[in-house]
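Subject: Model handover

Hi,

Here is the model we talked about. Please open it alongside this note; my findings follow below.

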2 protein chains.
Amino acid sequence: MRLSTYFLPTLKENPTEAQIVSHRLMLRAGMIRQSAAGIYSWLPMGLKVLRNVEQIVREEQDRAGAQELLMATLQPAELWRESGRFDAYGKEMLRITDRHDREMLYGPTNEEMITDIFRNLVKSYKDLPKQLYQIQWKFRDEVRPRFGVMRGREFLMKDNYSFHADFEDAKKVYDTMYATYLRTFARMGLRAIPVAADPGAIGGNLSHEFQVLAETGESEIYYDAKFDELSANGQQPDPVALRELYAAADEKHDAANCPVPADRLKSARGIEVGHIFYLGKKYSEALNAVVAGPNGEQITVEMGCYGIGVSRLVGAIIEASHDDNGIIWPEPVAPFHVGLVNLRVGDAACDKACDDLYAKLQTAGVEPLYDDRDERAGAKFARMDLIGLPWQLLIGPRGLEKGLAEVKNRKTGERVEISIEAAFDKIVSSYQARHR
Amino acid sequence: MRLSTYFLPTLKENPTEAQIVSHRLMLRAGMIRQSAAGIYSWLPMGLKVLRNVEQIVREEQDRAGAQELLMATLQPAELWRESGRFDAYGKEMLRITDRHDREMLYGPTNEEMITDIFRNLVKSYKDLPKQLYQIQWKFRDEVRPRFGVMRGREFLMKDNYSFHADFEDAKKVYDTMYATYLRTFARMGLRAIPVAADPGAIGGNLSHEFQVLAETGESEIYYDAKFDELSANGQQPDPVALRELYAAADEKHDAANCPVPADRLKSARGIEVGHIFYLGKKYSEALNAVVAGPNGEQITVEMGCYGIGVSRLVGAIIEASHDDNGIIWPEPVAPFHVGLVNLRVGDAACDKACDDLYAKLQTAGVEPLYDDRDERAGAKFARMDLIGLPWQLLIGPRGLEKGLAEVKNRKTGERVEISIEAAFDKIVSSYQARHR
């Protein structure tokens, strides 16, 4: 993509309305634009990141045996009356009346709707277990939407619902999802700590929040130092070993009764990006979701649900990975792998070298963002750092005379001057290592 | 995907509520389920087709130089007050009031929202032209939703909006989109006839509806027989030659003044799946979308808009491609390329041959739907025909003794008995021919 034609409206100044760094950087990097309180449009570069995050979530759900479907954003009120939540949910639920005065709502979550689909279409224990998930926009009418996409009103969420003939099977899928979530976040370059929602309490082992560690996190997490050994940045941690470790959010942590000795207890700020629950029969009983058992008996199914905040993750990744100059995208979610910067647009040799590299990179399957705009080098450097592509490939007249290009790693800041061929190989091989 | 675990709730009986064949077949094939009038959930196999259609639309938009973004489903009423459409739009617009009594709406279309983004973020003629598109769910509160996804209330649409410094440039992009639409529909195996919205009238050449020909179409189309020569099924027609030909919908066709001689005039039923418009300055004037020109003067931009009904296309494809036994998917949009049918589950040789083929097809990049359920052959044949995968690969004990499999083409009905190796090669090479 050529920057001269790309719709990338970056801002030089910090927008005053943004209180946290991810919101500020997403606005400055031209990723999003607010259209109403807590409601955003995703501009082209923002959408690319959102889709990359979504795709990683999808691949890991599929790998775990879940099947994707898509429920509508609007739901009939009747279903929520059956579960008793239509009146109970409160003002966060956006209630809507259509032209025929039928009561509807914009789904804030989908337990009722998926249970309705299940009870109508699945009739036998032989069809169990089932895991059905969607990645769909939802709406929660937050009283004070803030922090950009981190606490928006219209947000993209992956929600998976599982159905089982018995508790043992529900627990097995819960364990699989626990491991799947660790893989999912690790693939995005994040460290996520699973925090038992009610550590120590009975059943507390079947509800976990996944907290991404970031200095700017919304809550304080206390955890066993062994987490640091078992889940270094971007590595796939061992779910079985992790599951045994203590971790608790501020409001649940009880220093006096903590099972971890003080010298092994660490604390950090966390952002909740996922939540897994064992639901039991809460919804299946209310909505009468039953299947026929082996002897024809009626079995009310067991359920679980598993959410990931997909649009929120884009903000969380930035909170966890940025510096004073801007975003530092982990390679698997980066909107472009490399920024190709022409430092002297109009210079015949620079233009030709850049055009050649642009074409060759595309042929190699690496779509670069090619800064072909006639601007001073300083502005180009600042913008590339701001938007945070993993690699920068800088072509200027002085280096070019010697056949050299400069390759900069955004994360480490390391710059090397190497031959154009070596630079090309370096970019392509780092891309292939990430994307097979 | 193994059918024994796949969530594919097919129906044997015709659902009584469905009046048209695509609605009937989508319900019977377990593709969708209605959750409220005109509102559907897309079950796994339906979603696969929807995503395939969406991806073809996306690739052709990208190829034409449009850039994808994503606007929220909910919009603030103020923007529509600026254009005057909030009061004018009528009851098809779903109006919503949030917890703070702010007036909002579920976007039925996005001219106002995209013009707002443009006017705030694009300032110079140098940034023109711009084509910005999204593929997003929209809502129109139809008084009588019917025909399944063909006339639903919540529907998926691709909407592209273009911005230009002058009319000549707007016209150029219009012409590109005209050609792009022909390519898009041809890639889905459809014949689409572009019908000038007002043939003969001045400016009528800058608004076209694209009508897919299907016996069950909603309106009668009259067109020059040369269309049939220039756009055979699934071929890429020449847009320049097509553009000159006469085509008109029933209500616009005037037999007395038709420029095509009677012996060259044909008629057929059509389903509207796309519409392209030159908008001029209608929205840019109302919302004050201006850029600075070369001499600093203010230029009110020219606009165009280009829609494709993505969810409607799934229904339209079925209307255009089915028989008495079920759906006949064109290969590029098929949910699976091949159905692998084990005709004697439990027979060790059949199970082994099928398991081997299943693994080998997956390794070759062809995800088959593997019917591994213990059912009688007749039910398996009927279901495979119903769901309409392009190829069926049938493995039974008698053929297997001789090392043979049967390969059936769903469209032609042709069945050949060939060696298992030859059957595998046939399926893989037909897949590769379609998917590069």
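Helix α14 (residues 420–435) of chain A lies across β19 (338–342), β21, β22 and β23 of chain A. The helix runs at about 120° to β23(A). Contact here means heavy atoms within 4.5 Å. Axes are lines fitted to C-alpha atoms, for helices over the stretch in contact; angles run from 0 to 180 degrees between N-to-C directions. Helices (H or I, at least four residues) and strands (E, at least two) are DSSP runs, numbered from the N terminus.

This is a predicted model: local features need pLDDT of at least 70, side-chain atom pairs count only at pLDDT 80 or more, and totals for chains, interfaces and linings use all residues. Residues are numbered from 1 along each chain as its sequence is written, chains are lettered from A and ligands numbered from 1 in the order in which they are written, and side-chain values use heavy atoms, with hydrogens and water left out.

Now the sheet. Five strands of chain A form an open, mixed sheet, ordered β20-β19-β21-β22-β23. Strands count as paired if DSSP finds at least two bridges between them. β20 (369–371) and β23 (415–419) of chain A are the edges; each has a single partner strand, so one side of each lacks a neighbour in the sheet. Neighbouring strands are turned by 20° against each other on average, direction ignored. β21 (residues 391–395) and β22 (residues 404–409) of chain A pair antiparallel over four bridges. Leu394(A) has Glu406(A) in β22(A) as its bridge partner.

Last, the symmetry. A rotation of 180° with 0.0 Å of shift along its axis superposes chain A on chain B (RMSD 0.0 Å). That is the relation of a two-fold axis.

Best wishes

How values were computed. Least-squares fit on C-alpha atoms with pLDDT ≥ 70 in both.
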